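Student: I have a structure open and would like to talk it through. Where shall we begin?
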Amino acid sequence: MTFRLTPIVKGSGPTVVLQRPIYLVGRHPECDLRLDLPKVSRRHCCIALAYDRLIVRDLGSRNGLRVNGREVVETQLFRGDEVAIGPLIFRVEQDADAPTKTPPSPARPAADQLPEIDLVPLDDV
C-alpha cells in the first residue's frame with residue numbers, strides 16, 4: 001500500500017508520497033520533508049511506515065503535533081486523518097497497490113527422485 005500526505009489547502013505545502021520507512025519533518029535542511037515556516041520546529045516530527053502501518057511521532061516540537069484536532073505525542077495514522085504540522089494541515093491518503101504477480105515456483109522433485117549425497121564424517125573435517 002502507498003500512503004501520501006496531501007495538503008488540505010491547495011498550494012500551502014507539497015504532496016508527499018511516503019515510500020521510505022522513515023521521514024523526518026521540520027525546518028532543518030537535512031529533514032526529508034522540509035517545511036521552512038517559523039511555526040515548524042527544526043525537527044518537528046517523524047513519520048514511520050512499517051508493516052503497512054503509518055505512525056507519526058512528535059519530536060518535542062515547540063508548537064506540537066495535532067491529528068484530527070487533538071494534540072498527540074505518537075499515534076497511528078489512518079486514511080482520512082488530518083495531520084497538523086505547524087500551520088499546515090495534511091490529509092492522509094492511501095492507495096492500494098496493484099497486486100504483483102509472483103512467478104510460479106519450480107516443481108520440486110519427489111523425495112525418491114533426489115540424487116543421493118555422500119555424507120562426510122565431521123571428525124574428518
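Tutor: One may begin with a ring: Arg20 lies over the face of Tyr23, at 4.7 Å from the ring centre. Please keep in mind that this is a predicted model.

Student: And how many aromatic pairs does the whole structure have?
Tutor: The search finds zero aromatic pairs.

Student: Changing topic, how many helices and strands are there in the protein?
Tutor: The protein has eleven strands and zero helices. Along the sequence, the pattern therefore reads β-β-β-β-β-β-β-β-β-β-β.

Student: What share of the residues is buried?
Tutor: Of the 125 residues in the protein, 29% are buried. The exposed surface comes to about 9300 Å², of which carbon and sulfur atoms supply 52%.

Student: Which residues touch the most other members of the largest nonpolar core?
Tutor: They are Leu18, Leu35, Ile47 and Ile85, in a core of 22 residues. Elements giving two or more residues to this core include strand E1 (2-7), strand E3 (22-26), strand E10 (82-85) and strand E11 (88-95). The largest share, three residues, comes from E11.

Student: What does Ile85 touch, leaving aside residues up to four places away in sequence?
Tutor: With those set aside, Ile85 touches Val25, Leu35, Val40, His44, Cys45, Leu65 and Phe90.

Student: His44 is on that list. Where is His44 found, in a strand or in a loop?
Tutor: His44 is in the loop between strand E4 (33-34) and strand E5 (45-50). With a relative accessibility of 0%, His44 counts as buried. Not counting residues up to four places away in sequence, its contacts are Val25, Gly26, Lys39, Asp58, Leu59, Ser61, Gly64, Ile85 and Gly86.

Student: What about Asp36, buried or exposed?
Tutor: Asp36 is exposed, because its relative accessible area is 54% and the cut-off for exposed is over 50%. Asp36 lies in the loop between E4 and E5. Its C-alpha atom is separated by 7.4 Å from that of Gly26, ten residues apart along the chain.

Student: Now the cysteines. How many disulfides does the count come to?
Tutor: The count comes to zero disulfides.

Student: Why is Cys31 too far for a bond?
Tutor: The closest cysteine sulfur to that of Cys31 is in Cys45, and the distance is 8.9 Å, whereas a disulfide requires sulfur atoms within 2.5 Å. Cys45 is in no disulfide either, as the nearest cysteine sulfur, that of Cys46, is 7.5 Å away.

Student: Are Cys31 and Cys45 buried or exposed?
Tutor: Cys31 is buried, with a relative accessible area of 9%. Cys45 also counts as buried, at 0% relative accessibility.

Student: One last topic, the backbone. What is phi of Tyr51?
Tutor: Tyr51 has a positive phi of about 55°, although it is not a glycine. Most residues other than glycine have a negative phi. Tyr51 is placed in the loop between E5 and strand E6 (53-58), and at 82% relative accessibility it counts as exposed.

Student: And Asn68, where is its place?
Tutor: Asn68 is in the loop between strand E7 (65-67) and strand E8 (70-72). Its phi is near 55°, again a positive value in a residue other than glycine. At 45% relative accessibility, Asn68 counts as partly exposed.

Terms used. Residues are numbered from 1 along each chain as its sequence is written. This is a predicted model: local features need pLDDT of at least 70, side-chain atom pairs count only at pLDDT 80 or more; totals for chains, interfaces and linings use all residues. Side-chain values use heavy atoms; hydrogens and water are left out. Buried means under 20% relative accessible area, exposed over 50%, partly exposed in between (1.4 Å probe, protein chains only). Rings of Phe, Tyr and Trp (its six-membered ring) pair if their centres lie within 6.5 Å; planes under 30 degrees apart count as stacked, over 60 as edge-to-face and the rest as tilted. A charge sits over a ring if NZ of Lys or CZ of Arg is within 6 Å of the ring centre and within 35 degrees of the ring normal. Helices (H or I, at least four residues) and strands (E, at least two) are DSSP runs, numbered from the N terminus. Accessible areas come from the Shrake-Rupley method with a 1.4 Å probe; for residues, only the protein chains shown count as cover. Contact means heavy atoms within 4.5 Å. A nonpolar core is a set of buried Ala, Val, Leu, Ile, Met, Phe, Trp, Tyr and Cys residues joined through side-chain atoms within 4.5 Å.
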